[in-house]
Every structure is written in structure tokens, then in C-alpha cells.
Amino acid sequence: MQQVVVPQGLDDQRRLGPDWAAWLDSLARLTAQVADEWALDLDGPVWHGYCSLVAAVRTEAGRPAVLKLSYPGDDESEHEALALQHWAGRGTVQLLRADPHRRALLLERLHTEDLSTLDYIEAAEVVGGLYARIHRPALPQLRTITSYVAQWLDDLAGLPRDGLLPRRLVEQTLHLGRALVDDPDSTGTLVHGDLHDHNVLAGHRESWTVIDPKPMSGDPHYEPAPMLWNRWDEIVGPDLRILLRRRFHTLVDTAELDEDRARDWVVVRTMLNASWTVQDNQRPGRALTESDREWITRCITIVKAVQD
């Protein structure tokens, strides 16, 4: 297999520190090593996510596939192979081979078409149907959602009250989040963690196939939030809040979720997302950008919309 070129968008992550830089420096060589061991040939384009490289390959038997290598410091994807093996291709991308130590996965190749090609509400119906297929009893190796959320809430509580995040919404988030962390029903289910339009691709075995899980032991009601902060440009306008509420209720109704519990998780997850932008801008040399302000506004708009 010829050596891949690391895409610029992924290589830009070396700004995150020496561990990232070391992994990126080794990535082309690592990809070639795994491909050689698994008898793979480069067979098309190379894509990337926030912390992974994905190369189109063909196996020795001629089967089209993709080789995915992820940054080893990303604990959210640590058990991706385990979860995919457990799902066994039922609603999710099929795992063909894995080397968890090197965070290397060989996966079935899907189409590049994702759910953003469907109507905004129709896509929510698809995802709502997929929830039921992938939500199963959690594997014992998985980290719990509550262990993450408890720390994130502590970080939120420690932020200065400088007006970037409305105090009322911060206090509501802390109240709801701590109640959810203390609730035993907030763990025990295998959840995807980042299921949205761009993480569902058209497939060969099934019409729509889930990819890129961040598997955790959690609560099915944790899932809807990413579906609300994606595809934003399509819905900006006078009907924004109406469309957000329609999508939220479509997810809840299709998946037969409890509306109040799903709403609480949307508030908590979305406000925590906004808080991470605030935290990033507390680092030396950082200044709040227009994009940061737009993201914070988006998060606040979602939280208000689902509670209207």
C-alpha cells in the first residue's frame, strides 16, 4: 500500500500538544504498517475526523473497505471496536478486523451519502428508529456517562459569572445535571454518544448505517442533543425554534422516549457544550471569536427552544 498523506485538517491538530504531534508524525507510517500486515491496498480517497484518519482500501480478497486509525489519547473512542463487535452490524457499520492497541479498525465501506441529504424532519425519523436498534444493555468495560457529566458540571460551576452564559440557565443546568448524575437510570444502556446526520451513512446491507460511536454506559435520553445542534444553517430563519421543537419531538416520539427526561438531557448537554467554548477562551493567548459567540448563541437558542 502506498503511503497516505495526512490531510491538512487533521494535521492542524498538532497545535493541541506534543502527544498529538507525535501521533501525527507517526500516522502515515502506522497506516502503511497496518495495511501491510492486513494485506490492504489503498483504493480511493483519504478522509479525516476530529481525531481519526480514514482511508479507502481493498482487502486481499478484493473486498472494498475502509481503514480507520484514531488518536490513542481520545478516551471517548477507546471502546469503539468493542461496541461495533457487540452490535455486529445490526444498524451499525460492520467491523471486519481490529487492533485496539493501535486504535486501528477495518470497516465495511459505505456510501458517502449521509442523512443531511434527507429532509430535516425525515432524517430525525430515521435516527429515532435507529436508537431502538443500538440501545442495548451496556458492556461492563464502558465508562459511564455520569462519570463524565459529574466532572463537566464541576467545571461549569467553577466558571466566572461574566455574562457569557445566562446565570439562570447555568443554575438550571447544574440542578438538572446533578439530579441526572445521581439517578441510577442514567447508566446501564449502551449509547452512541454522538449520533447525528453526518454519522449515519447510506449502506449496502441496510438503507442507513450508524458510524463513529463514542460508546458509553448511559441513558437513551442522552442521545438527541447532537441532532439539534447540527444542520444549523438549514434552519436559521423565522421558523428556527419551531423546527428545533419539531425535530426534538420527532426524535422523542419515534424512539418512544420520555419527553421530559430527553429535554433535561438536551439542556444539560447543550449548556455544557457552550461552557467548553468559554473554558477554551480562558487559556492564555485566547480571545473569544465571532465563531465562538455564534456557537454560544446557538446553544442558548436550543435550550430555550426545547423549553418553550
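## Sheets, a cavity and a pocket in a predicted model

Strands β1 and β2 are joined by a hairpin of three residues. This is a predicted model, in which local features need pLDDT of at least 70, side-chain atom pairs count only at pLDDT 80 or more, and totals for chains, interfaces and linings use all residues. Residues are numbered from 1 along each chain as its sequence is written, and side-chain values use heavy atoms, with hydrogens and water left out.

Helices and strands here are DSSP runs, numbered from the N terminus: helices are H or I with at least four residues, strands are E with at least two. Two strands pair if DSSP finds at least two bridges between them.

**The five-stranded sheet**

β1 and β2 belong to an open sheet of five strands. Its order is β1-β2-β3-β5-β4, and the pairing is antiparallel. At the edges are β1 (41–48) and β4 (95–99), each pairing on one side only. From one strand to the next, the twist averages 20°. Axes are lines fitted to C-alpha atoms, for helices over the stretch in contact; angles run from 0 to 180 degrees between N-to-C directions.

Helix α2 (residues 18–37) packs on this sheet. The helix touches β2, β3 (64–70), β4 and β5 (104–108). Contact means heavy atoms within 4.5 Å. The direction of α2 makes about 145° with that of β3.

β1 and β2 (residues 52–58) pair over five bridges, in the antiparallel sense. There, L42 stands opposite V57 of β2. A98 has L105 in β5 as its bridge partner. The hairpin of β4 and β5 has four residues between the strands, and R103 takes a positive phi near 55°.

**An aromatic link**

The structure holds eight aromatic pairs. Rings of Phe, Tyr and Trp (its six-membered ring) pair if their centres lie within 6.5 Å; planes under 30 degrees apart count as stacked, over 60 as edge-to-face and the rest as tilted. W20 and Y50 make an edge-to-face pair, 6.0 Å centre to centre with 75° between the planes. This pair links distant parts of the chain, 30 residues apart: W20 sits in helix α2, and Y50 in the loop between β1 and β2.

**The three-stranded sheet**

A further open sheet has three strands in the order β6-β7-β10, paired antiparallel. β6 (136–137) and β10 (216–218) are its edges, each with a single partner strand, so one side of each is left without a neighbour in the sheet. β6 and β7 (residues 189–191) run antiparallel and are joined by two bridges. R136 stands opposite L190 in β7.

A cavity is a set of points where a 1.4 Å probe fits but cannot get out; a pocket is an open set with protein on both sides within 12 Å along at least five of seven lines. Lining residues have an atom within 4 Å of a point. Grid points are joined across faces, edges and corners, and a volume is the space filled by probe spheres set on the points.

The structure holds one cavity of 30 Å³ or more. Residues lining the largest cavity include L156, P160, R161, D162 and V278. Around the second largest pocket, 14 residues form the lining, and the closest to its centre are E78, H79, A81, L82 and P100. α3 (80–87), β4 and β5 each give two or more residues to this lining. α3 gives the most, with four residues.

In the table, Ala, Val, Leu, Ile, Met, Phe, Trp, Tyr, Cys and Pro count as nonpolar, Asp, Glu, Lys and Arg as charged, and the others, Gly among them, as polar.

| Space | Volume | Lining by class |
|---|---|---|
| Largest cavity | about 70 Å³ | seven nonpolar, one polar, two charged residues |
| Second largest pocket | about 200 Å³ | seven nonpolar, four polar, three charged residues |
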